[in-house]
Amino acid sequence: MAAKKAATKARGTAVRKPRRKKAEPRSRGLSAAEVASEAATPPTELIQGIQQDGGEVLSVYRDPLGAHTVVFAALPIDKVEPTPYQRDLSEPHVKRLVGAMERLDRFLDPVIAVRKDGRYWTPNGNHRLHASKMLGAKAMVALVLPEEDVAYQILALNTEKAHNLKERSLEVIRMHRGLTGSRAGKETDFSHLFEEPAFITLGAAYEKRPRFSAGAYHPFVKRVESFLDLPLSEALRVREERSDALLTLDDEVIRIVTALKERGLQNPYLKNFVVARINFLRFKKDDSPAEFNPSVAKMLASARKFNVDKVNKDDISRMGGAGASEPDEE
């Protein structure tokens, strides 16, 4: 027994990672002058290859963190392609990029690329690549990495990552707050930046409750939200009030979920199940708009009358998790 405990303790010690020490300010990497200095060794073979492929080298520099050489180049767009094991393309994301790039009339976010047999694989620029092609672009700029082994590590990691609901919602509410403090106009004037009105309210809720399970409420909130024809400051106050109402509803849903668990009903999508049960809008076949406050009040009333004794495992098996975007986080 003592030997077993010692082995277990040893295993635990082996996997425990040391705490990362906070780096001292300005203690690592290169200065701005060193990044731009001529100390970077030009990767002659890569530069020649880019030129042979019809591209143009714009600059060679050392990255500021590890002093590795990077080639900044303009590449023919028809020679840039996603990695063979690239994630699936999100058509809605491409359309959003097309709209944003067209309004701005600029391409400002270079992709990372590695040259492979006269082609350029990008692990993190598939959506930007497709958006550029849809806009009819002839070329795109890229950070071409000369160290093939490092480039392949990046390819394997597939660094392009889509926002999940929480990330997107928090990004939108922070954008809303920033605009409120610096720009005039109504919330409707910035709808193209916020993308979806539900994100604003859900983001305000996430700020107050970081473990808020927005995935359970998102389908409902999308039905009852619209961009507000109000000045940004007034619209933000409305969003705060709506997020408070949503969290009050969430408190009741959490109470029901807790009661269901006490009855032995365990399922990662219990919250989605409960919200679906009290969401009266899911029975409406048409997409007619509904008002936020009356709809939340009606759901809250249903939650307070929810009878957990009438729920059984079969009910949850038929509904729990179906179409849910994230499990119960409570």
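A: This is a predicted model. Start with the open sheet. Six strands form it, in the order E1-E2-E6-E4-E5-E3, and the pairing is mixed. Strand E1 (56–62) and strand E3 (80–82) stand at the edges. Each has a single partner strand, so one side of each is left without a neighbour in the sheet. On average, neighbouring strands are turned by 40° against each other, direction ignored.

E3 pairs with strand E5 (residues 119–122) in the parallel sense, over three bridges. Here Val80 stands opposite Tyr120 of E5. Helix H5 (residues 126–134) lies across E3, strand E4 (111–116), E5 and strand E6 (139–144). H5 runs at about 130° to E3.

Next, the nonpolar cores. The largest one has 48 residues. Phe212, Tyr217 and Leu249 have the most contacts inside it. Helices H7, H9, H10, H11, H12 and H13 each give two or more residues to this core. H11 gives the most, with ten. Leu249 touches Tyr217, Ile278, Val296, Met299, Leu300 and Ala303, leaving aside residues up to four places away in sequence.

Last, helix H10 (residues 214–224). Eight of its eleven residues are buried, so H10 is largely enclosed by the rest of the structure. Tyr217 is one of the buried residues, and so are His218 and Phe220. The cover over the buried residues of H10 includes helices H7 (165–182), H9 (197–208), H11 (232–262), H12 (270–278) and H13 (292–304).

How values were computed
Residues numbered from 1 in each chain as written. Predicted model: local features only at pLDDT ≥ 70, side-chain atom pairs only at ≥ 80, totals over all residues. Heavy atoms only, no water. Buried < 20%, exposed > 50% of the residue type's maximum accessible area, 1.4 Å probe, protein only. Helix = DSSP H or I, 4+ residues; strand = E, 2+ residues; numbered from the N terminus. Contact = heavy atoms within 4.5 Å. Pairing = 2+ DSSP bridges. Axes fitted to C-alpha atoms, helices over the stretch in contact; angles between N-to-C directions. Core = buried A, V, L, I, M, F, W, Y, C linked by side-chain atoms within 4.5 Å.
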